[in-house]
Amino acid sequence: YGMVSAQTGYLTELMGAAVFSTPKPVQMIGDFIKWFAQGDFVVLDFFAGSGTTGEAIYRAATDNDSENPRFILVQLPEVLDSNVAEQRVAAEYCASLGKPHNIAELTKERLRRAGKKIREENPLFAGDLGFRVFKLDSTNIREWDPNHGNLAETLEASVEHLKKTRTEQDILFELLLKLGLDLCVPIETKKIGNHEVRSIGAGTLLVCLSAAIPAKDVETLALGLVAWHKALKPAGETTVVFRDSAFADDVAKTNLAAILAQHGLETVRSL
């Protein structure tokens, strides 16, 4: 009981409000990590709650710079109701942050604050104390679902392979999953001409998801990609990805691929 009370007090101070009544002790989770995990490991917590496991992993990383511990926290966006006495403080806390009233938002805020606090306590630590948030959804790619009564309309609607409601970031991370790349891999962004290009994994993957690539932009974009690829000097083969519907015609697409191939970028894919 004493350990839980101390942890509750610590978390209340960290968050600035008593949003969790019975959080797990960071020290206890930290001990589990020391006993059962070694080297570069991933800890999976299917009941993230107050995010204690995430903070424990952060602290394990600062304790041993030679290890690269990581975590996957899973927390359903369970709704917090301000009309329920036990949930009122937490719901009002989410409101003060301008966030949806659910437990997952509290988990994320705790990780942000814990990372900042640990960084302040360990100014010489240069490791990663961040996290990325993902939500499970359907694919970004449109399924072939023909209307046999009006095939012409179906074909016209299928010219764009990607769902219109999805963002470039949505498409990018599905691409990482399908290519078997780490979701935490470093991502850099660069403007080449009129187009935004992303480098994933130090040039392992170069992605341009512009909605339209006019013929006049092809050479500038291709040569810019070649120059960036040379500067990045990736160790292995590089894959270049574009949005298929972005090209005005097949000629523009073929010309871009040809310029890239001339400079060693032969693996070009379109979505």
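Leaving aside neighbours within four places in sequence, with which residues is Phe242 in contact? In this predicted model, the partners of Phe242 are Cys208, Ile213, Leu221, Leu225, Phe247, Leu256, Leu260, Val268, Arg269, Ser270 and Leu271.

The protein comprises nine helices and seven strands. Of its 271 residues, 39% count as buried. Among contacts between residues at least 6 apart in sequence, 62% link residues at least 24 apart.

Five of the strands form an open sheet with mixed pairing, in the order S3-S4-S5-S6-S7. Strands S3 (187-192) and S7 (267-270) stand at the edges; each has a single partner strand, so one side of each is left without a neighbour in the sheet. From one strand to the next, the twist averages 20°. Helix H8 (residues 218-232) packs on the sheet, where H8 touches S3, S4, S5 and strand S6 (239-242). The direction of H8 makes about 140° with that of S3.

Both kinds of pairing involve S5. Strands S4 (residues 195-200) and S5 (residues 205-208) run antiparallel and are joined by four bridges, with Ser199 opposite Leu206 in S5. Strands S5 and S6, in contrast, run parallel, and four bridges join them as well. In this pairing Cys208 stands opposite Phe242 in S6, and Cys208 is also among the contacts of Phe242. Within S6, Thr239 and Val241 point one way, whereas Val240 and Phe242 point the other way. These four residues are all buried.

The largest nonpolar core has 20 residues, and those with the most contacts inside it are Ile213, Leu221, Leu225, Phe242, Leu256 and Leu260. At least two residues of this core are supplied by each of S5, H8, S6 and helix H9 (250-262). The largest share, six residues, comes from H8. The contacts of Phe242 include Ile213, Leu221, Leu225, Leu256 and Leu260. A second, separate core has 16 residues, among them Ala37, Ala56, Ala60 and Phe71. In soluble globular proteins, nonpolar side chains tend to be buried together.

The side chain of Thr238 reaches the backbone oxygen of Gly203 at 2.7 Å. A further polar contact, of 3.1 Å, joins the side chain of Thr238 to that of His229. With neighbours within four places in sequence left aside, the contacts of Thr238 are Gly203, Thr204, Leu206, His229, Leu265 and Thr267.

Val26, Ile29, Gly30 and Ile33 of H2 are buried. These residues cover an arc of only 105° around the axis, which puts them on the same side of H2. An α-helix has 3.6 residues a turn, so residues three or four places apart point the same way. On the other side of H2, the exposed residues are Gln27, Trp35 and Phe36.

How values were computed. Residues numbered from 1 in each chain as written. Predicted model: local features only at pLDDT ≥ 70, side-chain atom pairs only at ≥ 80, totals over all residues. Heavy atoms only, no water. Buried < 20%, exposed > 50% of the residue type's maximum accessible area, 1.4 Å probe, protein only. Arc of directions from axis to C-beta. Pairing = 2+ DSSP bridges. Axes fitted to C-alpha atoms, helices over the stretch in contact; angles between N-to-C directions. Contact = heavy atoms within 4.5 Å. Polar contact = N/O pair within 3.5 Å; in protein donor to acceptor, adjacent residues only side chain to side chain. Core = buried A, V, L, I, M, F, W, Y, C linked by side-chain atoms within 4.5 Å.
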